[in-house]
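Please read the following note alongside the sequence and the model.

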Amino acid sequence: MSKQIGPQSEVLFHFTIKLEDGSVADSTQLHGKPAKLKMGDGSLTPSFEACLLGLTEGSSHSFELGPDDAFGPVNPDNIHYMERSRFAADMSLEEGAILSFTQPNGAEIPGIVRGVAGDSVTVDFNHPLAGCQVTFEVEILAVEQMTVEE
């Protein structure tokens, strides 16, 4: 009997995330290294985890996820207009460039340059796939049941 994914499972799996046009946004197979996940550890959204529940070792599945279930809608509050002077003078600020910003708590957050107009730089801190419908393809390689420690 094959092992089934439950809420306490540790899962070794390959995944591919495709956009509506069929292009690949992310894939563990491109790197030849599967992902390892403990269900409920927060590394995947609840919607992505719900797709995995009940799948069995050795199986492959494909799921369509809308923006609300995948990377969320685009939040206009995550788009900021910054003065050009806040960036290094020699920094190339081209539309589509991904820059790393340090938050007040020291954590790094990526921002995508959406536009440069005079002294104003538009930076989008939404997830790059926010607002996108995606196809989540998985191949379950191994399932281990974790014991709950007292």
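1. A pocket is an open set of points on a 1 Å grid over the protein atoms alone, where a 1.4 Å probe fits, with protein on both sides within 12 Å along at least five of seven lines; lining residues have an atom within 4 Å of a point. Grid points are joined across faces, edges and corners, and a volume is the space filled by probe spheres set on the points. The model is predicted: local features need pLDDT of at least 70, side-chain atom pairs count only at pLDDT 80 or more, and totals for chains, interfaces and linings use all residues. Residues are numbered from 1 along each chain as its sequence is written, and side-chain values use heavy atoms, with hydrogens and water left out.

2. The largest pocket holds about 250 Å³ of space. Its lining comprises 16 residues, and those closest to the pocket centre are Phe 15, Ile 17, Ser 43, Leu 44 and Phe 71. At least two lining residues come from each of strand 1 (9-19), strand 2 (24-27) and strand 3 (35-38); strands here are DSSP runs (E, at least two residues), and helices are runs of H or I of at least four residues, numbered from the N terminus. Eleven residues of this lining are nonpolar, three polar and two charged. In this scheme Ala, Val, Leu, Ile, Met, Phe, Trp, Tyr, Cys and Pro are nonpolar, Asp, Glu, Lys and Arg are charged, and the others, Gly among them, are polar.

3. The second largest pocket has a volume of about 170 Å³. Among the residues that line it are Met 82, Arg 86, Phe 87, Phe 101 and Phe 125. By class, this lining has six nonpolar, two polar and one charged residues.

4. An automatic or database domain assignment divides the chain into domain 1 (4-72 + 129-145) and domain 2 (76-124). The centres of domain 1 and domain 2, taken over C-alpha atoms, are 30 Å apart.

5. Strand 5 pairs with strand 8 (residues 120-124) over five bridges, and His 80 has Val 123 of strand 8 as its bridge partner.

How values were computed
Two strands pair if DSSP finds at least two bridges between them.
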